[in-house]
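Please read them alongside the sequence and the model.

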Amino acid sequence: MSVVTVQLGQCGNQVGQQLLHSLLCDAQDGQRKELCTASRERFFHQDTHGELVARAVLIDMEPKVINQSISRAARSGMWRYGETSHFSQKQGSGNNWANGFCVHGPAHREVVEDLVRREVERCDRLSGLLAMMSVAGGTGSGVGTYVTQCLRDVYPKSFILNHLTWPYGTGEVIVQNYNSVLTLAHLYQLSDAILVHENDTVHQICSQLLNIKHISFADVNSVIAHQLGSVLQPALTADSQGAYSRNPLGELVSALCCHPEFKLLSVSSIPQVPLASMAYSSFSWPSLLKHLRQMLISNTKMEEGIDWQVRPPAAAERSRSLTSFNTSLANVLILRGKDVYSAETAGFEDPALYSSWLSPQEAFSVWKSPVPFNKYEKSATLVSNSQALLRPLDSMVGGAWNMFASRAYIHQYTKFGISEEDFLDSFSSLEQVISSYKELR
Amino acid sequence: MTQSVVVQVGQCGNQVGCRFWDLALREHAHVNKKGLYDEALGSFFRNVDSSKCDGEAHSVGGRIQHLKARAVLVDMEEGVVNEILQGPLREMFDSTQLLTDVSGSGNNWAVGHMTYGSAYREQIVDTLRKAAEHCDCLQCFFLIHSMGGGTGSGLGTKVLSLLEEEFPEVCRIVTSIYPSAEDDVVTSPYNSILAMRELTEHADCVLPVENQSLVDIVKKIKHMSHGGKPGTVIRGESAIISGQGGLIGAEKPFDAMNNIVANLLLNITSSAPSPPLYTLADVSVPSRRLDQMFSDAFSKEHQLIRADPKHSLYLACALMVRGNVQVSDLRRNIERLKPSLPFVSWNQEGWKTGLCAVPPVGHSHSLLALANNTCVKSTFMELRERFTKLYRKKAHLHHYLHVEGMERGHFSEALSSLSCLIEEYQQLDATKGRLVPDAPRLRIAR
């Protein structure tokens with residue numbers, strides 16, 4: 001079953017292109033026919049000349065990045081985007097959510113729906129839609145939210161997963177907090193699951209784990225593509241009965257998002273080492289899993305500086321909220337590589353890790369694939385619905401609220417049709433989400 | 001890509017504008033080796049086939065035939081515009097882009113704004129409209145003028161209000177050259193303050209530049225070029241003074257300074273306008289050491305008005321980096337400088353960043369910092385003082401009141417508008433350093 005990727009805005013188009021590229025490279029590399037076929041079928045279709053064409057739609061209000069992504073794909077010689085699968089305008093959205101959501105979105109609704117429809121109709125069976133965007137700017141955030149709304153209307157029964165890139169905490173765009181708040185509040189009503197990558201975290205991975213001195217956005221995007229790819233590449237799940245799962249988005253959503261108040265998913269992946277060191281590194285499942293588990297409970301986003309002091313609370317202490325311990329609602333662990341069937345994952349089934357609503361068996365799922373991913377002999381990725389994103393979310397909402405209290409920059413939004421009431425609604429929804437995650441135990 | 005139209009008004013405006021077009025051509029020539037008319041060129045130039053009689057413009061992608069600047073040149077004296085038309089840039093402007101008269105405005109804002117403003121209203125609108133029609137997707141008007149004289153100040157602000165009337169959706173960014181205290185035009189405070197009122201009403205964003213700062217920067221460079229080793233230092237100046245590598249002999253007095261402003265304009269690409277108006281601009285001397293460049297950008301020696309931003313309050317700051325600079329360099333420097341820069345409480349992370357891989361001609365990298373900072377108020381307060389000195393004695397007032405349409409009311413209104421603006425900055429300043437508690441968040445009932 002196929003996934004149609006909708007790439008929105010500058011970030012969405014850059015990350016999307018890298019994601020598709022790394023998925024395909026990995027599939028061809030591994031030389032396992034079944035995986036290769038499943039992966040290709042999921043993300044690409046073949047044209048009349050046998051060339052692989054991505055099941056993707058590229059949307060932006062400026063042409064520059066779309067053109068770059070299209071030519072990068074073509075240069076690879078392995079795949080390309082459909083010739084007519086893109087839509088762009090000239091002016092951009094001026095980093096303004098309201099401009100994207102109220103003006104550009106509606107203006108181009110038909111064209112965009114048409115492009116997506118064509119891709120969907122090409123699929124034998126649609127597994128779901130993956131919308132990729134950032135939250136800080138104007139197009140990815142504003143147009144992206146509007147497009148998600150349209151997709152929800154047109155495909156009410158399909159799974160929609162939004163992949164969001166959150167900006168650096170120290171500011172890339174002055175009104176990034178406003179744009180983020182408006183996006184998240186709206187997406188919460190529309191999306192089935194929201195998968196988040198934070199620029200700050202990925203940047204640290206690049207500098208501390210991958211030892212990159214001068215980090216460019218290409219480096220950042222390549223880490224995001226790797227992590228996301230390790231989630232989306234086909235795997236064997238409990239439901240898939242010995243074959244590669246045909247319903248990746250559905251299984252992810254049903255495993256992780258059991259409650260509409262809890263849709264924020266974070267991703268951690270280990271190991272992350274520079275390519276040059278790969279030959280000298282050896283990995284064992286017990287070690288990888290032990291580190292990943294501790295990363296989860298101490299809320300460390302990468303395999304460095306893990307706080308080993310953090311322990312799950314004893315049953316008696318459950319009612320007290322411990323700030324350093326990260327409570328999970330649900331987790332999906334994805335293991336790829338050698339000896340994957342011998343990996344012991346019982347550590348993740350500890351009831352102490354989870355809230356009391358679900359039994360550990362319901363809260364925890366494992367997907368496996370014997371094929372190594374992206375040159376890592378063994379790799380483990382954890383997709384987690386937990387309190388991991390609580391702090392960045394809280395600081396985003398807090399920053400936006402402070403600015404809103406002074407009504408700074410609000411005129412830029414009201415002139416396009418977003419009122420102060422709309423802002424207040426978005427703030428309330430997100431405070432609700434924050435409160436729910438805080439109370440999770 | 002979108003297009004911008006440059007409107008240059010008055011003697012100063014046209015001189016600076018001229019340097020701008022020169023620099024722009026140089027930059028594009030440096031990068032565009034194949035002679036193709038690309039998107040980047042298209043944002044400031046039209047590509048015209050001069051063999052066709054109606055000079056129809058070519059679209060992006062073909063070879064460069066004949067470049068015409070997307071510009072409108074206005075002056076009530078012919079001297080400067082004529083010079084431009086006889087100089088090396090003459091081919092870039094055709095007669096439909098010019099608006100001139102002979103007698104000048106006599107350094108009188110009222111003559112520029114009221115007399116010429118009404119006399120030439122239709123022609124101005126016509127010329128602007130023509131320039132706009134040549135654009136596929138017009139994003140922004142750049143107005144260049146001085147505040148101290150008569151045409152740039154008076155007619156320039158009239159043009160600004162016409163731009164708002166006729167093209168309300170198009171962003172208006174104004175580069176205003178403010179007179180120094182030793183300005184030889186006695187009435188420059190009157191002209192400046194009358195013009196400021198118009199800017200406050202009609203501009204989206206203003207980049208104030210003080211002549212005195214430009215003089216200081218040029219002096220510093222002269223000093224560097226004579227004191228330091230010729231090889232390394234001359235590269236430093238050439239970014240500020242258009243690529244000629246040093247000050248050569250008989251140069252016109254304002255040339256070097258005009259280049260600085262032209263360079264500033266070149267580095268402003270499209271970006272969303274900041275809400276309050278007055279933005280502090282800074283030109284950084286591109287130095288070999290990247291981090292040094294970032295530090296310099298915030299030091300008071302590199303500002304284009306005489307003010308120290310570090311001791312005042314930042315409302316927002318935009319950093320535009322050109323050249324071989326990566327996002328990690330940018331983040332590192334922001335983290336490093338943040339602790340010493342006071343930001344307003346509701347915008348602690350108020351940074352906008354932009355990266356452009358193409359460096360300016362002759363350098364590996366450069367940085368432009370635009371800041372919305374309360375230190376601009378000191379410039380305004382000084383100006384207000386100079387104004388009041390004259391106004392109290394009613395000096396030269398009759399020259400203005402003689403002009404039809406001009407009243408005492410205009411003066412008092414302009415003064416109070418400026419005082420309001422200063423007051424707003426004072427209020428913001430008062431919050432500096434005070435620990436403003438976070439606004440209480442919404443509580444969820446459980």
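1. In chain A of this predicted model, helices α4(A) and α6(A) pack at an angle of about 45°, and are therefore oblique to each other (the class left after under 35 degrees for roughly parallel, over 145 for roughly antiparallel and 65 to 115 for roughly perpendicular). Helix α4 covers residues 97–107 and helix α6 residues 139–154, with axes 6 Å apart. Their crossing is right-handed.

2. The contact (heavy atoms within 4.5 Å) joins residues of α4(A), including W97(A), F101(A) and H104(A), to residues of α6(A), among them V143(A), Y146(A) and Q149(A). By class, the contact of α4(A) with α6(A) comprises five nonpolar, seven polar and no charged residues.

3. UniProt, in an unreviewed entry, places the feature "domain: Tubulin/FtsZ GTPase" at residues 40–240 of chain A. Over residues 40–240, chain A is 50% helix and 19% strand (DSSP runs of H or I, at least four residues, and of E, at least two).

4. In chain B, helix α7 (residues 188–202) and helix α15 (residues 408–430) have axes that come within 9 Å and cross at roughly 65°. α7(B) and α15(B) are therefore roughly perpendicular to each other, and the crossing is left-handed. The contact includes I193(B) and R197(B) of α7(B) and F411(B) and E413(B) of α15(B); its residues divide into nine nonpolar, three polar and two charged.

5. On conventions, residues are numbered from 1 along each chain, and chains are lettered from A in the order in which they are written.

Definitions and conventions. Predicted model: local features only at pLDDT ≥ 70, side-chain atom pairs only at ≥ 80, totals over all residues. Heavy atoms only, no water. Axes fitted to C-alpha atoms, helices over the stretch in contact; angles between N-to-C directions. Left-handed = near helix turned anticlockwise from the far one by under 90°. Nonpolar A, V, L, I, M, F, W, Y, C, P; charged D, E, K, R; others polar. UniProt positions renumbered as here; feature names shortened; annotations may be inferred.
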